[in-house]
Amino acid sequence: MKTILVTGGAGFIGSNFVLGEKSRETRVVNLDLLTYAGNLLNLQERDGDPDHVFAKGDIGDRPFVRKLLDDNRPDAVINFAAESHVDRSIDSPESFIQTNIVGTYHLLEETLAFWKNLPADRKDRFRFLHVSTDEVYGSLGPAGPAFTENTPYAPNSPYAASKAASDHLVRAYHHTFGLPAIITNCSNNYGPRQFPEKLTPLMILNAIEGKPLPVYGDGLNIRDWLYVEDHCEALRMVLEKGKPGETYNIGGCCEKTNIEIVNTLCSLLDEMAPESPYSPHSSLVTFVNDRLGHDRRYAVDCSRIGRELGWRAKETFESGLRKTIRWYLDNTQWVQSVRSGAYRDWIARQYGVADANALQTAPDCSANKLQSASRSQGL
Ligand code: NAD
Ligand code: TYD
């Protein structure tokens, strides 16, 4: 049986990956600091499973990581652990520098020391897979070709810059020390268990509750969207068949403007929650102040992983969104648990309201950002 050390496995993508490993006869050691974004409820399906070992800790805690590696002797490390939200990186970049750059450096150092002492056959098979983002490539114009693995890095947000720095470190540890590392750069994921500060879960949950749907700027920024399980499947293929030292782009070939996403979510909700008093949900759309330095467009050319490893996304945009909405409608306990005081504080700060509950459709809403709805289109 193979053992994988998964970092950040209580977060959105990491937990979906860990749950998917259940049927694959893999032993998972799950190292997660349980920041606001990590949630043990995400892993409930593996409660009592002897092939899932959870270890609360920091990827930057060298003695802790060393002991985990020595005790469990993994065949691979897959690094999901990160601070991952662009808006939070604009509000307060420090934890991004600490975890994404310094933390990754410490994890690399400990993995390298462990890897060097492996017997030759295990050393050859060992992999360090670093999960990164398309945001490292910067922003595209309307007609610019999609990012390829050779597009130069040009990160624009503190989040993207911290991920770019970590990618460079991973690359250097392969080039300089021979660590069999691989990097993947994926586009925006959506699906079950995503913390509701990101676009799709925020919009779904606000719409269910009849709260405003805050669209930044003109709503015409473009992202490429991929269902989370398709991303996890791509990562499995990269672990099994990817070449050390290489980078693989992963994406859904699904470019959408933000307003298209929000409107599609709204019409699916109209259909899937017919008893909702808030239909049509699109009437809740509220244009708010733009994000600082907001990247206009991301698009990913993922032909390489298709050609070389045979990966292809299975979900369509609509089937993936339906599954996602269904999950949030069915998992009210999860939703309540993540909307803790810390979450409410964030929503209040980010959207300029004194209390998250005040993010209601009241006509006299005095929120800074929501007031900018006066310059919105279609309201
Ligand atoms: P997430 O924020 O949901 O989860 C991150 C997890 O890492 C959390 O469980 C958190 O507790 C843990 N963590 C944070 N700091 C840690 C530390 N110092 N030590 C150990 N654990 C720590 O993020 P996600 O959306 O699941 O993203 C996972 C990875 O995938 C990230 O590296 C992100 O950059 C990358 N990525 C995300 C997307 C996306 O759309 N969400 C797209 C492409 C790439
Ligand atoms: P987000 O989910 O934060 O992912 P990223 O910034 O990594 O792409 O945002 C996706 C897009 O949605 C991005 O263009 C910003 C926009 N957005 C809104 O318009 N309103 C919101 O409340 C949020 C959170 C994001």
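# Legends to the close-up views

**A backbone N or O atom of Tyr216 lies 2.8 Å from an oxygen atom of ligand 2.** This pair is a polar contact, defined as N or O atoms within 3.5 Å of each other; for pairs within protein, one atom must be able to donate a hydrogen and the other to accept it, and residues adjacent in sequence count only if both atoms are side-chain atoms. The model is predicted: local features require pLDDT of at least 70 and side-chain atom pairs pLDDT 80 or more, while totals for chains, interfaces and linings use all residues. Residues are numbered from 1 along each chain as its sequence is written, chains are lettered from A and ligands numbered from 1 in the order in which they are written, and side-chain values use heavy atoms, with hydrogens and water left out.

**Side chains also approach ligand 2.** A polar side-chain atom of Glu135 is placed 2.4 Å from an oxygen atom of ligand 2, and for a polar side-chain atom of Asn188 the distance to an oxygen atom of the ligand is 2.9 Å. Taken alone, ligand 2 exposes 510 Å², of which the protein buries 97%; accessible areas come from the Shrake-Rupley method with a 1.4 Å probe, and for residues only the protein chains shown count as cover. Two or more residues of the shell come from each of α3 (86–91), α7 (199–208) and β8 (213–216). Helices (H or I, at least four residues) and strands (E, at least two) are DSSP runs numbered from the N terminus.

**The shell around ligand 2 contains 19 residues.** A residue is near a molecule or strand if one of its heavy atoms lies within 4 Å of it. Glu135, Pro214, Arg291, His294 and Tyr351 come nearest to ligand 2. By class, the shell divides into eight nonpolar, five polar and six charged residues. Here Ala, Val, Leu, Ile, Met, Phe, Trp, Tyr, Cys and Pro count as nonpolar, Asp, Glu, Lys and Arg as charged, and the others, Gly among them, as polar.

**Ligand 1 is surrounded by 28 residues, the closest being Ile13, Asp32, Ser84, Tyr159 and Lys163.** The shell has 13 nonpolar, 12 polar and three charged residues.

**Seven strands form an open sheet with parallel pairing, in the order β3-β2-β1-β4-β5-β6-β10.** Two strands pair if DSSP finds at least two bridges between them. The edge strands are β3 (52–56) and β10 (247–250); each has a single partner strand, so one side of each is left without a neighbour in the sheet. From one strand to the next, the twist averages 20 degrees. Angles run from 0 to 180 degrees between N-to-C directions, with axes as lines fitted to C-alpha atoms, for helices over the stretch in contact.

**Within this sheet, β1 (residues 2–7) and β4 (residues 76–79) run parallel and are joined by four bridges.** Thr7 has Asn79 of β4 as its bridge partner. Helix α6 lies across β5 and β6 (181–186), at about 155 degrees to β5.

**A sheet of three strands is open and mixed in pairing, with the order β7-β9-β11.** At its edges stand β7 and β11 (255–257), each with a single partner strand, so one side of each lacks a neighbour in the sheet. Direction ignored, neighbouring strands are turned by 50 degrees against each other on average. Strand β9 (residues 222–227) pairs with β11 in the antiparallel sense over three bridges, and Asp224 stands opposite Glu255 in β11. Helix α8 (residues 228–241) packs on the sheet and touches β7 and β9, making about 75 degrees with β9. Helix α11 (residues 317–330) touches β7, β9 and β11, and makes about 50 degrees with β7. Contact means heavy atoms within 4.5 Å.

Most residues other than glycine have a negative phi, and most peptide bonds are trans.
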